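Me: I would like to learn how to read a few features of a protein model. Could we start with the charged side chains and then move to the nonpolar ones?

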Amino acid sequence: MDIFSMSNVAFRSYLCCGAVVILKMLFLGPFTAYRRTKDKAYINKEDARNRGLEVRMSDNVERVRRCHRNDLENIPAFLALGAMYIATNPATTVAVWHFRLFAATRVLHTLGYLIGVEPIRGTSYLVNMLVNVSMGLQVLYLVCSY
């Protein structure tokens, strides 16, 4: 069986979970624009001027931007480490749970961030980091012991 093929259950899970977190991350760009428009909070002079407004910040907009930035810091690492992890041909069940856990807690992190609920945000972030560290350490162990 080719590791990077649709016949590999772990690889299919990686593709599915990767698509979920990428689409979730892509949603935050337009959502930022929506919050800016709703709150009339534009940080670029030309955007504010074109609408007859003054430049101003909004906590609602900044919350979405911080959530988006957090995705940009964590999702690429997951995608890279997940691909490396698949290349090591891990146990299917373990790999699938790594991918599902990351995707589910990334969605929970976003919901917790956008509605301002702790400990959902912090706990979800911690689980995401643990999944990434777990995959990274397993890759290193297998490569170094080969």
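Reply: A salt bridge here is a side-chain nitrogen of Lys or Arg within 4 Å of a carboxyl oxygen of Asp or Glu. This is a predicted model. By that cut-off, Lys-24, Asp-71 and Arg-106 are linked in a network of salt bridges.

Me: How many salt bridges does the structure hold?

Reply: The structure holds five. In one of them, Asp-71 pairs with Lys-24, and the closest N and O atoms are 2.3 Å apart. This pair links distant parts of the chain, since Asp-71 is in helix 3 and Lys-24 is in helix 1, 47 residues apart. Asp-71 also meets Arg-106 in a salt bridge, at 2.9 Å from N to O. Here too distant parts of the chain are linked: Arg-106 is in helix 4, 35 residues from Asp-71 in helix 3.

Me: Is Asp-71 buried or exposed?

Reply: Buried means under 20% relative accessible area. Asp-71 has 0%, so it counts as buried. Lys-24, at 11%, is buried as well, and Arg-106 is also buried.

Me: Where do Asp-39 and Arg-35 lie?

Reply: Both lie in helix 1, four residues apart, about one turn of the helix.

Me: What about Arg-36: what does Arg-36 touch, leaving out residues up to four places away in sequence?

Reply: Arg-36 touches Ala-41, Tyr-42, Ile-43, Val-61 and Arg-65. Arg-36 is in helix 1 and counts as buried because its relative accessibility is 14%.

Me: Now the nonpolar side chains. Which residues of the largest nonpolar core touch the most other members?

Reply: In soluble globular proteins, nonpolar side chains tend to be buried together. In this model the largest nonpolar core has 18 residues, and Val-21, Phe-78, Tyr-85, Ile-86, Phe-99, Phe-102 and Met-135 touch the most other members. Helices 1, 3, 4 and 5 each supply at least two residues of this core, and helix 1 gives the largest share, six residues. Beyond its neighbours within four places in sequence, Phe-78 has contacts that include Tyr-14, Val-21, Phe-99 and Met-135.

Me: Which residues form a nonpolar patch on the surface?

Reply: Val-20, Val-107, Leu-108, Leu-111 and Ile-120 form the patch, with about 370 Å² of accessible area together. Helix 4 gives the most to the patch, three residues. Val-20 is in helix 1 and counts as partly exposed because its relative accessibility is 37%.

Methods:
Residues numbered from 1 in each chain as written. Predicted model: local features only at pLDDT ≥ 70, side-chain atom pairs only at ≥ 80, totals over all residues. Heavy atoms only, no water. Patch = residues over 30% accessible without salt bridge, like charges linked within 9 Å, V, L, I, M, F, W, Y side chains within 5 Å. Areas by Shrake-Rupley, 256 points an atom, 1.4 Å probe, with all protein chains shown as cover. Buried < 20%, exposed > 50% of the residue type's maximum accessible area, 1.4 Å probe, protein only. Contact = heavy atoms within 4.5 Å. Core = buried A, V, L, I, M, F, W, Y, C linked by side-chain atoms within 4.5 Å.
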